[in-house]
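Thanks for coming, everyone. I'll keep this short. Please have a look at the structure, and then we'll walk through it.

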Amino acid sequence: EEQGAMELAKTHQAVVGKGETLGDILRPWLTMPEILGLNAACEGVYSFSRMRAGQPYTVVTDGEDRLVRFEYEPDREAKVIVSRADEGESGKWKAEKVDIVYDIQLSEVKGEIRSNLFNSVEEIGENAFLAIMMADIFAWEIDFIRSVQQGDSFRLLVEKRWRDGAFRGYGNIVAAEFTNVGTTFDALLFPDSQGRNRYFTSAGESLNR
């Protein structure tokens, strides 16, 4: 019977609506005292008062439509998982924050400036956020507002994040080149003496100010 209930488990996935609270989300499955108990179990792990609209969450219920697990992703890097601590104790919960695991694909991205950097990145099928990342790397070497011209070019080696078969954004730009009015600037990602990732030129000069 218990196995049959598990086989009928259902997963409800959605994103937090504007102004929506933890209570609003869980009210179909839990009473208010149960919601308060679940929230209290998360003390020191995550405060659900900081939930943001547009962030994804998952509700898992068993064959009796009883909530057994709640997952919330506050950002791209981690998710909060709240589950029943003991099947025999309906009021007991355990909470943990775990890293989100992505499949990382290292990809080469290259293009030429035809109008501006943002449009040129989108024209090759990439997200304009990649242009922001690139401009941030070369911010002290290139004036992307005034000096970028038609015919300038870029080439990147970037981590692309995949999850459940879908593209979920970019990781690090591992290496980059930008040719501006005939001068090529480069950047390579390496850990510094304190183990923090920093960008350096091929000549070993730091690009971080």
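Before we look at packing, one term: two residues are in contact when heavy atoms lie within 4.5 Å. Please also keep in mind that this is a predicted model.

With that, take helix 5. Its buried residues pack against strand 6 (103–112), helix 4, strand 7, strand 8, strand 9 and strand 10. Which residues of helix 5 are buried? They are Leu130, Ala131, Met133, Met134, Ala135 and Ile137.

Now the overall picture. The chain has 5 helices and 10 strands. Its C-alpha atoms fill a box of roughly 70 × 40 × 35 Å along the principal axes. The radius of gyration is 23 Å, while a compact globule of 209 residues would come out near 17 Å. Of those 209 residues, 37% count as buried. As for contacts, take those between residues at least 6 apart in sequence: 49% of them join residues at least 24 apart.

Next, the cores. The largest nonpolar core holds 25 residues. Which of them touch the most other members? Leu117, Leu130, Phe138, Phe154, Ile173 and Phe178 do. Two or more residues each come from helix 4 (117–123), helix 5 (129–137), strand 7 (153–163), strand 8 (166–180) and strand 9 (183–191). Helix 5 gives the largest share, 6 residues.

Let's zoom in on Leu117. Setting aside neighbours within four places in sequence, Leu117 is in contact with Ala131, Met134, Ala135, Phe144, Phe154 and Phe178.

How many residues line the second largest pocket? There are 13, and Gln13, Thr58, Glu73, Arg163 and Asp164 lie nearest its centre. Strand 1 (10–15), strand 2 (56–61) and strand 3 (67–72) each supply two or more lining residues.

Last, three single residues. Start with Thr201, in the segment after strand 10. Is Thr201 buried or exposed? Buried, because its relative accessible area is 17% and the cut-off is under 20%. Beyond residues up to four places away in sequence, Thr201 touches Asp186 and Leu207.

Then Asp65, in the loop between strand 2 and strand 3. Its phi is near 60 degrees, a positive value in a residue other than glycine. Asp65 counts as partly exposed, because its relative accessibility is 43%.

Finally, Val181, in the loop between strand 8 and strand 9. Phi of Val181 is near 50 degrees, again positive in a residue other than glycine. Val181 is exposed, because its relative accessible area is 51% and the cut-off is over 50%.

Terms used
Residues are numbered from 1 along each chain as its sequence is written. This is a predicted model: local features need pLDDT of at least 70, side-chain atom pairs count only at pLDDT 80 or more; totals for chains, interfaces and linings use all residues. Side-chain values use heavy atoms; hydrogens and water are left out. A nonpolar core is a set of buried Ala, Val, Leu, Ile, Met, Phe, Trp, Tyr and Cys residues joined through side-chain atoms within 4.5 Å. Buried means under 20% relative accessible area, exposed over 50%, partly exposed in between (1.4 Å probe, protein chains only). Helices (H or I, at least four residues) and strands (E, at least two) are DSSP runs, numbered from the N terminus. On a 1 Å grid over the protein atoms alone, a cavity is a set of points where a 1.4 Å probe fits but cannot get out, and a pocket is an open set with protein on both sides within 12 Å along at least five of seven lines; lining residues have an atom within 4 Å of a point. The radius of gyration is taken over C-alpha atoms; the globule rule is 2.2 Å times the number of residues to the power 0.38.
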